[in-house]
Structures are given as C-alpha cells and as structure tokens.
Amino acid sequence: MTAQSCPRQHCATTMDSAALEPSLYTVKAVFILDNDGNRLLSKYYDPELYPSMKEQKNFEKNVFNKTHKADHEIAFLEGMTIVYKSSIDLFFYVVGSAQENELMLMAVLNCLFESLSQMLRKNVEKRTLLDNMDGVFLVVDEIIDGGQMTTHYQNRVWHSLALTTNSNLDSTSLKNWLAPLMCYSQQRSRSSGQF
C-alpha cells in the first residue's frame, strides 16, 4: 500500500514532518501583572519569542486583555499556551509553547503561587509583593532555571532558599521573611527525615 491509500501511514508521515525537535525548555515566560495590566515582574526564557521590551509588553497587554475578566485557568494566544491565576490585585502567568503540557505549566504556576503565598504570609497582593520583590525573584529562579522547571514542590523551593540564605546572603530583609520558613523547614526535616 502507498502512503495515499493507507490513512494510518499518511497520518504518521504528516505527523513526523510536523513534529518539533524535543526541547527541555518548557517554560517560555513567567510574568506577574497588577489589576491594571502593568508589569510587576517578568522573565522571558526564549530569546526568540519576544526579543524587545516593546514586544514583551504588547504580548502581556494582549494576554491581560484576554484573561482579566475570564474565569478560566488556561488560554491560547499567539501560538502560546498560557496558564494563569489571580489573587486580589495580581495576575500570575506562566507561558509555554502550543505543544506544551498544560498540567506541567499549571504545576509551575501553582508552585509559584503557593511559594509566594507562604513567603508573603498569605497576603498575596501588590503592595506586599513589591515590598518583597527580592524574595519573589529568588522564588521564581528556584522554580524555573533558564526555562526548565526545576521543581514543582513548594517545600523544596523553601528548603533551597533557606539553605541559600543561611550560607550566601547577608540581606536582612531576606532573612527576616525566611526566618519562619527555616524553623518550619527544620521541624519538617526532623519529623519526616527528608525534604
């Protein structure tokens, strides 16, 4: 049988030619916007996606306009899969390619949100986020490294940050908001024997 007479063979040939090269870079971008759509934090991991600040802000504005009144958790825009969550006056977004697994992106988003929620003592709103921006960047960097998801477990994020803060940083503000975590981390590691 030829490719034209066998539907399965034709389908396989078409899919092979359309398949993209495998990539470990699963997260294309992460950003946090306020309730007016203004950028508070953004990290783009794919330099070819939106290379200029103007293109990034246009993309963020389009995403915000499509999602800020919706009750969904996922959107498809400009060939990207976008998962998002809102809290009081903040919108959290994780962006992946159209072929990316939505559950993986949602795991990154949930880890980010829960880690920030614990860091900000359940007060996830604009003023508190801006006051703790140094810690916010550390949390994002602990979850996503160069576009690769390193963990989706909140406890691992906190444990890593506690170790980093104890050994490398002299910042008083970081140590202040990590102090309750370090106590929690020590209690958990004693009771479970692992992290």
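Predicted model: local features only at pLDDT ≥ 70, side-chain atom pairs only at ≥ 80, totals over all residues.
Strand β1 covers residues 29-34, and strand β2 covers residues 39-44. They run antiparallel and pair over five bridges. Ala 29 has Tyr 44 as its bridge partner in β2. Four residues sit between the two strands. In this hairpin, Gly 37 takes a positive phi near 85 degrees.

Now the salt bridges. How many are there? The count comes to four. I will go through some of them.

Take Asp 34 and Lys 126. Their closest N and O atoms are 3.0 Å apart. Is Asp 34 buried or exposed? Asp 34 is buried, at 2% relative accessibility. Lys 126 is partly exposed, at 27%.

Next, Arg 39 and Glu 60. Their side chains form a salt bridge, at 2.9 Å from N to O. Arg 39 belongs to strand β2 and Glu 60 to helix α2, residues 53-67, so the pair connects parts 21 residues apart in sequence. Arg 39 is partly exposed, with 24% relative accessibility. Glu 60 is buried, at 2%.

Then Asp 141 and Lys 43. This salt bridge has an N to O distance of 2.5 Å. Asp 141 is in helix α5 and Lys 43 is in strand β2, 98 residues apart. Here Asp 141 is partly exposed, with a relative accessible area of 35%. Lys 43 is partly exposed too, at 23%.

On to a glutamate without a salt bridge. Where is Glu 125? Glu 125 sits in the loop between α3 (102-119) and α4 (126-131). Glu 125 is buried, yet has no salt bridge. The nearest side chain of opposite charge is Arg 127, and that is 6.3 Å away. The backbone of Arg 127 is another matter. Its nitrogen lies 3.1 Å from a polar atom of the Glu 125 side chain. Leaving aside residues up to four places away in sequence, Glu 125 touches Ile 88, Asp 89 and Leu 90.

Last, helix α5, residues 133-143. Which of its residues are buried? They are Met 133, Gly 135, Val 136, Val 139, Val 140 and Ile 143. These residues cover an arc of only 155 degrees around the axis, so they fall on the same side of α5. As background, an α-helix has 3.6 residues a turn, so residues three or four places apart point the same way.

Notes
Residues numbered from 1 in each chain as written. Heavy atoms only, no water. Buried < 20%, exposed > 50% of the residue type's maximum accessible area, 1.4 Å probe, protein only. Lys, Arg positive; Asp, Glu negative; His and termini not counted. Polar contact = N/O pair within 3.5 Å; in protein donor to acceptor, adjacent residues only side chain to side chain. Contact = heavy atoms within 4.5 Å. Arc of directions from axis to C-beta. Pairing = 2+ DSSP bridges.
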